[in-house]
Amino acid sequence: MNYFGKGAVLVLLLILAAQALEGRLQSCNPSGKIRGKKPPPGQCNQENDSDCCQQGKLYTTYKCSPPVSGSTKAVLTINSFQKGGDGGGPSECDSQYHSDDTPVVALSTGWYSGGSRCLNNVTITGNGRSVTAMVVDECDSTMGCDDDHDYQPPCPNNIVDASKAVWKALGVPEGDWGELDITWSDTCKASGKIKGKKPPKGKCNRDHDSECCESGKFYKTFRCSPAVTGRTKAVLTLNGFGKGDDGGGAAACDGNFHSDDTPIVALSTGWFNNKKRCLKKVVIHGNGKKVVAKVVDECDSSVGCDEEHNYQPPCNNNIVDASKAVWQALEVPEKDWGEMEIHWTDA
C-alpha cells in the first residue's frame, strides 16, 4: 500500500533539495591546482616528517576553509616555529621565531583570515584534553612548492599546524605525533588593562547614559570578540552617530556622521575585524523582531579613556552599539532603551 501522497513526496523532495543547497553554500571548494617542482638539494626541511613537493605532481589549492563554529573540526599537524625548523622563515604575525616549548599554531588560509586571528588564542581539544595556543602564522593553502614555502605542498584547508608544546599538552605519546583529529574554537581573553583618567570638564558626553572613565579605575581591554556563528550572542547598546553625539567623531568606515533615523551600528573590535565588515549589513534579532543594519563604526575594545574616545571606557568585546532606528525597528519601548541581549549574523 502507498502510504505517501503526492503532496508528501513533493515536500520531502523540497526538503532534500534545500539541505543539498545548504551543504553546497557551506562547502569550501578548491580554488585551483599547482604543479610540483623538485626541491633543489637541501632546500626542503623534512623535520617532523614534512612532505616535499614531487616533480610534476598536481596539488590542490584553497582560498577558504570550512566554516568556523564553537567546535570546528580540523586535523592537527606538527611544525617547528624555531629558526632553522621546518616552518621556514619567521612567523607571519609578528616576524619572530618561536620556541618548540611555546604553544603556538599556524592556521590554514581560510581560518587565518588575512591575519585577523594573529596573536589571538584558540582552544584546541583532542585526545580527551584541551590546550590554549596562540596563532602566529598562516599554513598557506593557496601556494606552495617554491622557495618561500620551503618547497612543501600547499597546506590542506583544515589544518591546525602546532608546535611540540601543543602535542605535549594534549598528552599525545611522541610516537603518535604527526596527525590527529581535533576540534578548535576561538578563545577571547582580555588583552590587558588601562587605568582611567578623569575627563576634563565637559569632555565626556553622557547622552544615552554613556559611562565616563573614573580616575584610577582599571578597565579591561580586548583585541578579540567571541566567535561569529549563525546566531552570535551580543549585547545591544544605544549610540548617537550624529555630530556632537556621544559617538564622538565621524564613523570610522566612511568618515561621515549619520542620522539617528538610519539603522546603523558599531561593532566591538574583534567583530569589526579591521574594517572588514565596514559598510556591510548585519541582521539583528531581539524582542521577537529583527532588523537589518549597516556597520559604520568600531566600538573600540582595545583602548579608551582618552580624548579620541570621548573619555569613555573601552567597549566590551560583545557589543552591537546601535542607533535609535535599530531600537525602534525592534519595537523596544523607549523607556527600556539602553542594553538588551540579542543575537546577530552577517546578512
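**Salt bridges in a predicted model**

There are six salt bridges here, a salt bridge being a side-chain nitrogen of Lys or Arg within 4 Å of a carboxyl oxygen of Asp or Glu. This is a predicted model, where local features need pLDDT of at least 70, side-chain atom pairs count only at pLDDT 80 or more, and totals for chains, interfaces and linings use all residues. Residues are numbered from 1 along each chain as its sequence is written, and side-chain values use heavy atoms, with hydrogens and water left out.

Let's start with aspartate 100. Its partner is lysine 164, and the closest N and O atoms are 4.0 Å apart. Aspartate 100 sits in the loop between β3 (72-78) and β4 (104-108), and lysine 164 in helix α3 (residues 164-169), so the bridge ties together parts 64 residues apart in sequence. Helices (H or I, at least four residues) and strands (E, at least two) are DSSP runs, numbered from the N terminus.

Now, burial. Buried means under 20% relative accessible area, exposed over 50%, partly exposed in between (1.4 Å probe, protein chains only). Aspartate 100 is buried at 10%. Lysine 164 is partly exposed at 25%.

Next pair: aspartate 186 and arginine 117. How far apart are they, N to O? The answer is 2.7 Å. Aspartate 186 belongs to strand β8 (residues 179-187), while arginine 117 is in the loop between α2 (109-112) and β5 (121-126), so this pair links parts 69 residues apart in sequence. Aspartate 186 is partly exposed, at 23%. Arginine 117 is buried, at 13%.

Last one. Aspartate 336 bridges to lysine 335, with the closest N and O atoms 3.4 Å apart. Aspartate 336 is partly exposed at 39%. Lysine 335 is exposed at 74%.
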